[in-house]
Amino acid sequence: MKQFYLILLASISISTAQVQPTAPQKVDESLAAKKTMEANSLLKNLPLKNIGPTIMSGRVADLEVNPNDPTEFYVGYASGGVWHTQNNGTSFIPIMDNAPTLNVGDIAVHWPSKTIYVGTGENISSRSSYSGIGILKTTDNGKIWENKGLKDAHHFGRIIINPKDPNEVVVGVTGHLYSPNEERGMYKTRDGGDTWQKTLFINNTTGIIDVAFAPNDFSIQYAAAWQKDRKAWNFTGNGNASGIYISTDGGNSWSKISTAESGFPTGDGVGRIGFAVYDENTVYAVHDNQFRRPKKFDENEKTTGLSKEDFKTMSNADFQKLDNTELDTFLKDNRFPKKYTATAVKQLVSKNEVKPVDLALYLGDGDETSSPVIGAEVYRSNDAGKTWKKQNEEYIDDLFYSYGYVFAQVRVAANNKDKIYLLGVPIIKSEDAGKTYTSIQKENVHVDHHSLWVNPKRPGHLINGNDGGLNISYDDGEHWIKNNSEPVGTFFAINIDHQEPYNVYGGLQDNGVWMGPHNAEIDASWQETGHNPWKGVAGGDGMQIQIDRRNPDIIFTGSQFGYYSRIDLKNDKRTFIRPKHELGEKPYRFNWESPILLSPHNQDILYFGTNKLIRSMDQGDTWQAISPDLTSGGKEGNVPFGTLTCISESPFQFGLLYTGSDDGIAQVSKDGGSRWQIISGSLKKDLWVSSLVASQHKKERVYLALSGYRWDDFTTYLYESNDYGKTWKSISANIPNSPVNVIIEDPENENLLFVGTDNGLYASFDQGTSWEAFQDGMPSIAIHDLVIQPEAKHLLVGTHGRSIYKADISNVQKMTPEVLQKDLHIYPLENIKFSERWGNAWNSWSKASTPGLDITFYSNRDEVYQAKIKSYDDILVSETDIVSDKGINILSYDLAFSKIGKLNYLKKHKTELKTADDGKTYLPKGSYSVELKGNGKTELVTFEIE
């Protein structure tokens, strides 16, 4: 198909200037505005219910264990807050839910006084590591949190407290993730955080990732400096400024000790470092060494067979002389599509349709000639850091892989200075001071380990935090208990089907893709039955999910960078569907969360976003690119960039398509991909297109959200167009500054919109002219995805740290301009089915079954209303007063007679009314009315008990 690419030259001039990060004052203003919005929201009383799941848990950032009672400890989840257990992890309570953020980098606890400090902002520098708002402190187990400063730190490496003084605190600040900043390095307070002294500053790209002190001497401290540079297209996790510092005066002053003479590596290849201090003299350091391994010459190295390098300089004539069997082997080994046989490729070369070098280009730009990095290595000092000796004699392979910037933590046993533990993808231990290792990674332990507590009083007792939650061992890792009972899932994307009951699907960070019924109970009963209602359907980092509306057993999903499959759940069949470019083309670029979309017009048609829009007419069996490169062309780096992030197709017209990219370009095609036009030229450049949605109510309407997260820019960028993107108007209105991840439109009420940001959920009743905070029952958490189940009228909220929430929005959908102008409005009630079990238990040990009727009403002001429940013949059976807020209110009625109401009813009805086991007398079958009176108005609604 011939492609016509329509652009305005001005639209493709992409600015390379970095966006200025939002100042701490702006963050304070946004948090204050959000708090005010929540207090005044029309939706402040509409509950969001967490529906889990819990079984796969989420990424643990830190653990703090009571040394005198290890059944009590705190767990900090990277973006799920801090949780407290006093029963050895059997159950937890969240203690950070009333804080302005749930993002956790490190926790420190002074156990005698129960003073807790939390450094907000995760420290692993991942692509989904959320920044914080400073140091938070509580002295009452989370009832009240104080912000104690360091608000522009964004990310915290480690906090240590003087065991003898909870007011003396030393903090290692990692700093901004995506931009340089001055508030990084070492800080100390002597007054509990009221004032801070910067005791070490290296430069504006080098922060502190770990701090440790000698167990019996707080004056001896070690700090690990880490120079790094993260961009959306590249991550450098090492640099000359990385190294080890020591303080011998309790963190007041610091000296660099990782010098060339010390024996510890120096130079540009020094990466992340972590410590374990045994005593005043003995300290371990694990290092993510980014220097390259020396090349080895292998006399037995295979010299036959073709390699990628052979084709870079090969002539057409020499190519035709290649042995077909040898060429076929090369094509098969490198997973070329089956159509590219030796015979077929030689024909293409003979016709000059491709060149031999295209076989090398087809496999990408990787440099196979360079050797791998050294990776994990362990050093020990026996003289308080003056000199260091490398402990491992061989390379420690298969520990960090290429993700050393995520790990680099070591622990030492308190009773044996030669016994250490290393945390990486697996968890391993050494009993000879780091020379050799054995794995203690077991079948019920998730990979990617970030925290480990080693009991100083009981050898072999370990508490471990990883990407899949929490594990406890009492036999040094031979066996582990899994302690996942809290809903802290980190979702990237969610979706629903249309079954009864409907299922919810979600892709999570490093926990694959899961599905489960929306009404599944979150409890431990599955351990008795052996059947958890939530089931894993794919591995890796779980990504987007599409479900065939005709057959919900057919789903499309997968893992990072576009490794997607079509899955037949009924027959347990998987078909790999990642598109492949044509020979002669450059390889496609795939985003970390590659977008996919089943066409609303035909469920056989699947769209896939690379740097081009790819379309399949047969559910992914075959593919055709229907666009040129829809990005600015990518950037040099080690992360795919210049990729599509969003796809939307208008329900009004097949082929009316929208795409958005990670480099800020949105495009539209009105003819199924034949012609494309940039529609983002007037918007801020370089920002990530995080959401792009064609309207369900007006063909010309489209919504767009941009995210500055990857520039440390926390501005709210949100737009609406009513002319296919030709012009845009901002609809961010009163949403407090926070990057937007998703915007969706209600399918019934065209004025009703929902938006998920990095710090909460918002709803608008007027297409974005104004917004209401929507947070009741849900803490301030990053909202990654939203979807509405239209038959149930439920809003599903996919969070990155607190699993999935659900809200009944049936009455929210009815918040029309007419309702909003009324003084009082009661929403219709559904009938209830009568049960003889109301108020009665199966036996004396079980709870009684209790009914409930939620009477939902809207009031245009704060008011006290009188509620009267009457029978069909006007007998008052119950009454109460309710203090309402402006907005939606819910009066929960237990369907029971009041004492006077029961007497009134019996006077007129000669019948027997049984008192239930719980002491209440419930209404019999019949018709009833609810009357609300107040604000000068009276409203009436009826219901039946059937």
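Helices (H or I, at least four residues) and strands (E, at least two) are DSSP runs, numbered from the N terminus. The legends below describe close-up views of a predicted model.

**View A. Helices α3 and α4 pack at an angle of about 100°.** The pair consists of α3, residues 324-333, and α4, residues 342-350, and their axes lie 9 Å apart. Because angles of 65 to 115 degrees count as roughly perpendicular, α3 and α4 are described as roughly perpendicular to each other. On the α3 side the contact is formed by N324, L327, D328 and L331, which meet A342, T343, V345 and K346 of α4. Sorted by class, this contact of α3 with α4 comprises 4 nonpolar, 2 polar and 2 charged residues.

**View B. Helix α3 has buried residues and, on its other side, exposed ones.** L327, F330 and L331 are the buried residues in question. Viewed down the axis of α3, these buried residues fall within an arc of 95°, so they line one face of the helix. They pack against three helices, namely α2 (316-320), α4 and α5 (357-362). T325, K332 and D333, on the other side of α3, are exposed.

**View C. The N-terminal end of α3 is capped by D323, and R335 follows the helix.** In the cap, a side-chain oxygen of D323 lies 3.1 Å from the backbone nitrogen of T325, a residue that is itself exposed. R335, which comes after α3, has a positive phi, near 60°.

**View D. A342 is a residue of helix α4 that touches several residues of α3.** With residues up to four places away in sequence not counted, A342 touches N324, L327, D328 and L331. A342 counts as buried because its relative accessibility is 0%, where the cut-off for buried is under 20%.

**View E. T799 is a buried residue in strand β58, residues 794-799.** The relative accessible area of T799 is 0%, and therefore T799 is classed as buried. A polar atom of the T799 side chain lies 2.7 Å from the backbone oxygen of S803. When neighbours within four places in sequence are left aside, the contacts of T799 include G489, T490 and F491, together with M778, I781, A782, I783 and H784, and also Y805.

**View F. The side chain of Q441 makes a polar contact with the side chain of H449 and also has a polar atom 3.3 Å from the backbone nitrogen of I427.** Q441 is located in the loop between β28 (438-439) and β29 (449-454). The side-chain pair formed by Q441 and H449 is separated by 2.7 Å. Apart from neighbours within four places in sequence, Q441 is in contact with V425, P426 and I427, and with H446, V447 and H449.

**View H. D686 and L895 have positive phi values although neither is a glycine.** For D686, phi is about 75°, and the residue occupies the loop between β48 (675-678) and β49 (688-694). For L895, phi is about 60°, and the residue is placed in the loop between β64 (887-893) and α8 (899-908). D686 counts as buried because its relative accessibility is 10%, and L895 is buried too, with a relative accessible area of 0%.

Notes:
Residues numbered from 1 in each chain as written. Predicted model: local features only at pLDDT ≥ 70, side-chain atom pairs only at ≥ 80, totals over all residues. Heavy atoms only, no water. Buried < 20%, exposed > 50% of the residue type's maximum accessible area, 1.4 Å probe, protein only. Axes fitted to C-alpha atoms, helices over the stretch in contact; angles between N-to-C directions. Parallel < 35°, antiparallel > 145°, perpendicular 65-115°, else oblique. Contact = heavy atoms within 4.5 Å. Nonpolar A, V, L, I, M, F, W, Y, C, P; charged D, E, K, R; others polar. Arc of directions from axis to C-beta. Polar contact = N/O pair within 3.5 Å; in protein donor to acceptor, adjacent residues only side chain to side chain.
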